[in-house]
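Let's take a walk through this model, one region at a time. Keep the viewer open as you read.

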Amino acid sequence: MHKFIAQMEPWFDKKEADAVYSYMKGGGWVTEFKKTQELEEEICRYTGAKYCVMTNNGTVSLTLALLALVVKPLSEVLVPNLTMIATPNSAVLIGIKPILVDVEKDTLCLDLEKAQRAITKKTKAVIYVSCNGRSDDMRKVTKFCHDNNLLLIEDAAQSLGSFWQGKHLGTFGIIGSFSFSVPKIITTGQGGALVTDDRKLYKKIKRLKDFGRNQGGIDIHDLWGWNFKFTDLQAVIGLEQMKKLKTRVLRKKEIYKKYHQLLSGINEIQFIATDLENTTPWFVDIYVNDPDNLMEYLKKKRIGSRRIYPAISTQKIYKNEYKNQKFTNSEEITSKGLWLPSSSNLTDSDINRIAKTIRKYYNA
Ligand SMILES: Cc1ncc(COP(=O)(O)O)c(C=O)c1O
């Protein structure tokens, strides 16, 4: 019987295990300290951002960004209708209203024309999601925010290793957010990071995430703050994972290219045109008319796959508010989207087997 190929799995080796063991033996504090700072420096070096702050995850980091930028409760933020639920929910957590906007078909990112129509007096920010590492022309995005006096927060949770014209995604706005959850290109189990070039904002975020203190161990609280901190234990894993980022970026691109080569002749399957110079697809996404049937067939052949996120406007918690609104592109894309196995440790022979199985399904 064939081995089961998961849609996604984390990939560690002895390097992470040894690093954790040696850290523990060295009597580290476990909670965030020097190793977290080292990881923040590595993320700055890789993304080109001036400052980085680690957080517990990529949801909290978005909430923290909104708090730091003083986006007040009852304000509105524009959010794409095609994203992980964390994007709008990060705003809801602190009483801010996410306003869902349709996406563009060719990038899966926020449609700026439709966003323009969604602006009201209450709109304060855009949370721009670079879905699967792809983005629009980022000059257009920054100009849109500038012209409309809106803060640009980039949700680059899926975009470590992805650039627009050589500049890392997440570094175009006032602040950018990343996630290190398990399905990401590198992971620390859970984890998030905020990057910014604004020193004052950076300092403020550091206080907000540490109970409002200026310094650990000195319990003076003249600013509201909470505990959104990371741990050095995770940072030790993250530092080892960062060393693998370059090879994983290359492998993710090879994987996407190989699937594309093997499946592009099948009329029933559509790919999104992807600039692999700049984009590192997090997951391999294909668009078909019968994603559920294909998923079921693949499962029988011991191949995992996953439906792409349903449009946010169709989720029970948002549905009522948007029942009279049409989101043509996000609805069509989400009805067709399927993520194929996409782990960086997928072998060429795995991809050949998957492609062969899909060809058989379509009699191609
Ligand atoms: C676009 C997007 N935003 C936010 C998140 C939330 O990140 P986390 O799982 O680290 O909270 C995710 C997670 O997949 C995501 O894909």
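## Two valines with positive phi

Valine 70 has 10 C-beta neighbours inside 10 Å, so it counts as exposed. You'll find valine 70 in the loop between H3 and strand E2 (76-80). Its backbone is worth a look too: phi of valine 70 is near 55°, a positive value in a residue that isn't glycine. For context, most residues other than glycine have a negative phi. Bear in mind throughout that this is a predicted model.

Valine 30 sits in the loop between helix H1 (14-25) and helix H2 (34-47). With 14 C-beta neighbours inside 10 Å, valine 30 counts as partly exposed.

## Two domains

The chain splits into domain 1, covering 14-243, and domain 2, covering 245-361. Their C-alpha centres are 25 Å apart. Across the boundary, 27 residues of domain 1 make contact with 28 residues of domain 2.

Zoom in on strand E8 (residues 175-179) and E9: they run antiparallel and are joined by 4 bridges. Within this pair, phenylalanine 178 stands opposite alanine 193 in E9.

## Threonine 196

Is threonine 196 buried or exposed? It has 24 C-beta neighbours inside 10 Å, so threonine 196 counts as buried. This residue belongs to strand E9 (residues 192-196).

Leaving out residues up to four places away in sequence, threonine 196 touches Ala49, Tyr51, Ile174, Ile175, Leu201 and Tyr202.

## The three-stranded sheet

There is another open sheet, built from 3 strands in the order E10-E12-E11 with antiparallel pairing. Strand E10 (284-287) and strand E11 (306-307) stand at its edges, and each has a single partner strand, so one side of each lacks a neighbour in the sheet.

E10 and E12 are joined by 4 bridges, and isoleucine 286 stands opposite leucine 338 in E12. On the other pairing, E11 and E12 share 2 bridges, in the antiparallel sense. There, arginine 306 has tryptophan 339 of E12 as its bridge partner.

What about the two faces of E12? Both are covered: Gly337 and Trp339 are buried on one side, and Leu338 and Leu340 are buried on the other.

## Helix H13

Helix H13 (residues 348-361) has 14 residues and reaches 20 Å from its first C-alpha to its last, close to the 20 Å expected at 1.5 Å a residue. Which isoleucines of H13 are buried? Ile351, Ile354 and Ile358 are. These residues cover an arc of only 65° around the axis, which puts them on the same side of H13. Among the elements covering the buried residues of H13 are helix H9 (245-263) and strand E12 (337-340).

The face turned away from the buried side carries the exposed residues Ser349, Asn352, Lys356 and Lys360. Past the helix comes asparagine 363, and its phi is positive, near 50°.

How values were computed
Residues are numbered from 1 along each chain as its sequence is written. This is a predicted model: local features need pLDDT of at least 70, side-chain atom pairs count only at pLDDT 80 or more; totals for chains, interfaces and linings use all residues. The expected span of a helix is 1.5 Å times one less than its number of residues. A residue is buried if 20 or more other C-beta atoms lie within 10 Å of its own, exposed if 12 or fewer, and partly exposed in between; C-beta atoms are placed from the backbone. The arc is that of the directions from the helix axis to the C-beta atoms. Two residues are in contact if their C-beta atoms, placed from the backbone, lie within 7 Å. Two strands pair if DSSP finds at least two bridges between them. Domain bounds come from an automatic or database domain assignment.
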